[in-house]
Amino acid sequence: MNHAELHKKLIAAARAQAPDDRVPYAFEKRVMAQIAARAGADQWVFWTRGLWRAAASCAIIAVLLGIISLCLPKTADTGNDLSQDFENTLLASVDQGETMP
Amino acid sequence: MERSEAELIAAVLQGDSTSFEPLVQKYSPRVFATARRYARRESEIEDIVQEVWLKAFSKLKTFRGEAPFEHWLMRMTVRTCYDFLRGHQRNRESSFSEISEPEEDWLEKFVADPASAPEDADAAKLLIDKVLEKLSPPARLVIQLLEIEDRSVKEIAELTGWSVPLVKVRAFRARGEMRKILARITQDKYL
């Protein structure tokens, strides 16, 4: 059996077949309807995708800040909290007045 | 007045999607003819062509107008057909037992006298379709473009996005694959 010859014959047979270029009825209308449907869907996809991305990035930032606050070394407690410091600053002039002769 | 292709494309890019319809009308026969070379069932062919047009619409921004729109579209068509072949690889697993009587007769004629087996016979066309279906997706694409459509290696590289050396390697392998398939058919029937 001459395989090279068979190969040639079969390729010639394939070449002899003219491809059918028939287009189904109203095919372009179907394509245009699909495109229109996609364009409508794309608007929603745009917004939902944006909102999901924003939500995901907020969640990531929250998690990172949580990790950072857990990892940071705790400062030594001096016993003074913010309210105490505020009060001392506000009443500093009064305290000075009391000590003055 | 009929608008030129460039005007239609510009209008689509500016948001007038209805300007895409004349392009679909004009080039669908060409896209269908190409898709019918790779798929058999009409429903699959329509799916391929529809996908080509949807891709073309969504990627129209990437068309720079340096080459004709038809070339850009045919590249997309060939790549979509290749994706289709890759997605339907499992269909190739069947054996050659389904070779019909006319195909067997044609092969017998060929064995007796190669010149007496006409290449325009329906049996030969059916047989080559079956052989092509058994090839792997890259082999089928290369045989189709290089041997059946008689395109150059450079053209195939442009159509498929493969490099020229890769096309050559795949063409070499494809011929080997086809030889093996032909050997298998003839071994089953005539040895």
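This is a predicted model: local features need pLDDT of at least 70, side-chain atom pairs count only at pLDDT 80 or more; totals for chains, interfaces and linings use all residues.

Visitor: How many residues of chain B are in contact with chain A?
Guide: On the chain B side there are 36, in contact with 30 residues of chain A. Helices 2, 3, 5, 6, 7 and 9 of chain B each give two or more residues to that side.

Visitor: Which helix gives the largest share?
Guide: That's helix 2 of chain B, with eight residues.

Visitor: And what's that side like by class?
Guide: The side of chain B touching chain A has 21 nonpolar, 10 charged and five polar residues.

Visitor: New topic: which residues in helix 5 of chain B are buried?
Guide: B:Glu103, B:Trp106, B:Leu107 and B:Phe110. Looking down the axis of helix 5 of chain B, the buried residues sit within an arc of 100 degrees, so they line one face of the helix.

Visitor: Why would that happen in a helix?
Guide: An α-helix has 3.6 residues a turn, so residues three or four places apart point the same way.

Visitor: What's on the face turned away from the buried side of helix 5 of chain B?
Guide: That face carries the exposed residues B:Glu101, B:Glu108 and B:Ala112.

Visitor: OK, how is chain B divided into domains?
Guide: Domain 1 covers 1-87 and domain 2 covers 93-191 of chain B. Their centres, taken over C-alpha atoms, are 28 Å apart.

Visitor: How many residues of each are in contact?
Guide: Eight residues of domain 1 of chain B are in contact with eight of domain 2 of chain B. On the domain 1 side, four are nonpolar, four are charged and none are polar.

How values were computed:
Residues are numbered from 1 along each chain as its sequence is written. Chains are lettered from A and ligands numbered from 1 in the order in which they are written. Two residues are in contact if their C-beta atoms, placed from the backbone, lie within 7 Å. Helices (H or I, at least four residues) and strands (E, at least two) are DSSP runs, numbered from the N terminus. Ala, Val, Leu, Ile, Met, Phe, Trp, Tyr, Cys and Pro count as nonpolar, Asp, Glu, Lys and Arg as charged, and the others, Gly among them, as polar. A residue is buried if 20 or more other C-beta atoms lie within 10 Å of its own, exposed if 12 or fewer, and partly exposed in between; C-beta atoms are placed from the backbone. The arc is that of the directions from the helix axis to the C-beta atoms. Domain bounds come from an automatic or database domain assignment.
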